[in-house]
Amino acid sequence: MNYATELRKFATSQYIFSAVRITLAIVVPSIILAYFGLLKEYFLFPLATSFVGLTDQPGPFIRRRNALIFAIICFFSVSVIATLLKDFPPIIYLEIIFFGMFFSMIGVYGQRLAAVGSLSLVVLAIFIDGHLSDGNVVKNSLIFVAGSACYLLVFLVVSKIQPYKLAGQMIGENYLELGDYLKIKSKFYLPDPDFDALYLQVISQQVKIKNLQEETRETVFKTRKIVNESTTTSRLLMLMFLNSIDLHEKLMTSESDYRKIQESFGDTGFLKSVSEYLSNLAEELSNIGIALQSGTKAKSLRNLDDELDAVFDEYFDLRNKKLNPETLEDFMILRIILVRITDITDEINTMYKVFMQDQKLAKSLSTGLDLQKFVTADEKMNFKVLRNNISLKSGHFRHSIRITLALLIGYLISKLDFLGIGHSYWILITIVAILKPAYSTTKHRNLLRLYGTAIGAVLAYGILLTVTSNTVLFTLLLLSMIMCFSFLKAKYFWAVLFMTIYIFLTFNFLNPGNVNNIFRDRIFDTALAGVVAFAVSYFVLPVWEHTQNLDFMKKSAKSNLKYFKAAMDFFKDESIGIQDYKLKRKDAIIDLANLSDNFQRMISDPKNQQKKMEHVHQFVNTAHLITAYIASFSQYSKTAKDYPEIDFDSWTRKISAELLRTSLILEQKKFNRAIVEESNLKPEDSVGKLLEKRKKEISESEIINRRDPNRITRLTELKNLSEILELIYDVAKEQRKGAEKLDPELQSTIVRQ
């Protein structure tokens with residue numbers, strides 16, 4: 001691992017930028033209040049600032065601003081109502097039920113409001129017993145609103161000063177994730193790779209890329225300054241993001257039969273050279289990503305053309321030694337791999353050139369796409385959406401019931417005097433933080449929360465016992481806050497660890513000498529909340545991942561069918577616009593990532609709920625391969641008319657029929673023999689004859705030592721195209737057979753007549 005690069009990634013990321021913004025918004029007013037001796041009295045001010053800051057999710061300026069305003073209104077309402085009702089214990093339980101259900105259900109309108117809802121429940125936990133307030137409703141409310149408005153003001157000022165900063169950081173993060181993706185792919189060419197483990201890593205990385213692309217699409221395509229303004233920065237950012245999506249498809253095309261390649265060339269040492277070169281390309285992508293995040297110019301780390309020439313020289317040397325009629329097809333596969341690697345290299349070189357474009361050229365750049373069609377539609381803010389989700393069939397509604405019940409149990413436990421709980425609100429806050437809609441996520445966060453809290457508490461305890469300087473303690477507080485907010489989204493364990501440290505240090509400043517009680521309460525309350533959250537997530541209306549497998553499979557099967565048809569239509573007819581193809585590609589990649597994410601969560605479910613795991617795993621793998629092979633097919637710059645030797649019409653009907661069979665089986669719809677017959681078509685193909693002719697030529701004459709990296713024989717292109725179509729069909733057939741095994745009821749829908 002290159003630690004210097006990793007540090008640069010972190011230091012320029014949106015997470016550290018956001019963390020510093022939130023921390024300064026909290027700390028600067030706190031220092032001013034402390035200077036005048038008012039911090040303890042006005043502690044709700046920085047607390048409100050932190051809560052509003054944590055609801056600030058990446059996205060278009062208007063949506064972020066509106067969400068922050070909505071958060072302030074929610075926090076104000078909850079704080080007032082909770083303060084007024086804190087002396088009426090029976091009503092408090094009704095209050096928990098109402099707020100628990102409402103603020104959990106607003107998650108139906110998207111992640112942004114889900115975050116507002118979760119933090120609103122945290123505000124409820126803070127005010128429910130008046131632990132951190134003096135009972136003066138008007139005073140507390142005004143302080144809390146002022147603190148909330150403080151972050152909104154900071155957000156507005158920073159957004160005005162740096163309107164492109166977030167978009168640049170998010171686009172840069174896309175390149176960093178693509179670099180990690182290519183790094184994983186490079187390991188397939190190392191000696192004795194663990195194929196199964198690497199495929200799981202590829203699937204996991206696909207999910208990360210998909211989630212990030214969706215967030216970035218919303219930010220870039222719905223930010224008016226980027227879409228409408230003809231500035232150099234806005235156009236270059238748009239171009240870099242669109243290029244990252246196309247590059248993702250190119251990286252997917254590197255999908256090959258790695259086992260066969262290892263069998264053919266594993267002992268030659270050449271594959272290791274390929275792996276090293278791909279690792280270098282991954283570093284270049286990371287370099288581009290870091291430059292975008294930091295807003296600086298990017299320069300290539302090395303001369304890629306020279307390194308690629310060295311790889312080709314090694315390939316030609318190997319070809320001259322090993323090429324014969326038996327190895328011809330293996331070398332054709334290797335040659336196509338090098339073509340794809342060359343395409344990726346050219347793409348990276350182009351991106352470096354983009355950084356150096358002058359203003360006139362930048363203004364001439366145009367996507368030619370209707371960008372709004374590429375953004376996922378959000379749920380409209382109307383009551384009908386909320387009402388339709390008030391059903392046990394709705395995952396949101398079931399989650400709302402779970403979290404409300406867990407809060408009731410947690411609050412009830414906190415009122416048991418014999419337990420001696422000193423900070424009861426910690427139980428409720430921990431429940432809100434841990435309990436998520438998916439059992440697997442709850443289980444994972446539960447463990448991370450417990451470990452992070454325990455280790456953080458021990459470290460904080462040690463710091464408070466050994467460090468006496470308030471300046472040093474304040475510096476550690478500042479750093480721990482920044483680190484906590486930086487890791488909150490991506491590395492939950494570290495976020496909790498640093499959160500625990502800064503909570504200890506904060507309470508020490510407010511109430512010195514109370515470290516023993518804080519240590520005991522923090523550990524005990526976290527463990528107690530973890531038990532409650534786990535029990536509720538396991539026993540109360542759980543949504544196991546196996547119950548959702550079929551829906552994700554249906555979507556992936558449908559979108560792959562549409563993706564294949566769009567790719568083939570574009571390949572066969574140049575007059576068809578590229579927009580429809582790119583839309584179908586986006587849908588296929590999103591549905592593939594959602595299916596993969598569902599499978600990964602299923603792995604964390606209890607063993608007795610991992611039903612038909614082997615078949616689901618097979619379906620996920622085949623879906624990934626189908627998408628990757630279609631991406632490979634779509635990379636050809638020529639069209640079908642340039643390859644008359646291949647019967648593309650028959651291949652289109654054959655593959656489409658096979659993909660359609662899978663989709664109909666999953667939908668439990670009947671289909672007739674015509675579809676089956678189409679899937680069994682025998683396309684006319686003269687490639688085999690040409691291949692035999694070439695093998696004969698090789699056996700009868702010497703190999704010509706041609707060493708032109710840009711030259712690729714027509715036969716190699718034909719063989720690769722034919723092979724890709726065969727691979728798509730073979731994998732589609734394997735997927736269809738796997739779908740039939742998922743459930744006996746699915747097989748009963750197959751009617752042939």
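Contact here means heavy atoms within 4.5 Å. The model is predicted: local features need pLDDT of at least 70, side-chain atom pairs count only at pLDDT 80 or more, and totals for chains, interfaces and linings use all residues. Residues are numbered from 1 along each chain as its sequence is written, and side-chain values use heavy atoms, with hydrogens and water left out.

Helices (DSSP runs of H or I, at least four residues) are numbered from the N terminus.

**Stop 1: H13 and H14**

Select residues 270–294 (H13) and 304–322 (H14); their axes come within 10 Å and cross at roughly 165°. Axes are lines fitted to C-alpha atoms over the stretch in contact, and angles run from 0 to 180 degrees between N-to-C directions. H13 and H14 are therefore roughly antiparallel (over 145 degrees). On the H13 side, show Phe-270, Ser-273, Tyr-277, Asn-280, Leu-281 and Glu-284; they meet Leu-304, Glu-307, Leu-308, Val-311, Glu-314, Tyr-315 and Leu-318 in H14.

**Stop 2: H19 and H20**

Next, select residues 424–434 (H19) and 439–466 (H20), whose axes come within 9 Å and cross at roughly 135°. Show Ile-429, Thr-430, Ala-433 and Ile-434 of H19 against Thr-442, Arg-445, Asn-446 and Arg-449 of H20.

Key. Helix = DSSP H or I, 4+ residues; strand = E, 2+ residues; numbered from the N terminus. Parallel < 35°, antiparallel > 145°, perpendicular 65-115°, else oblique.
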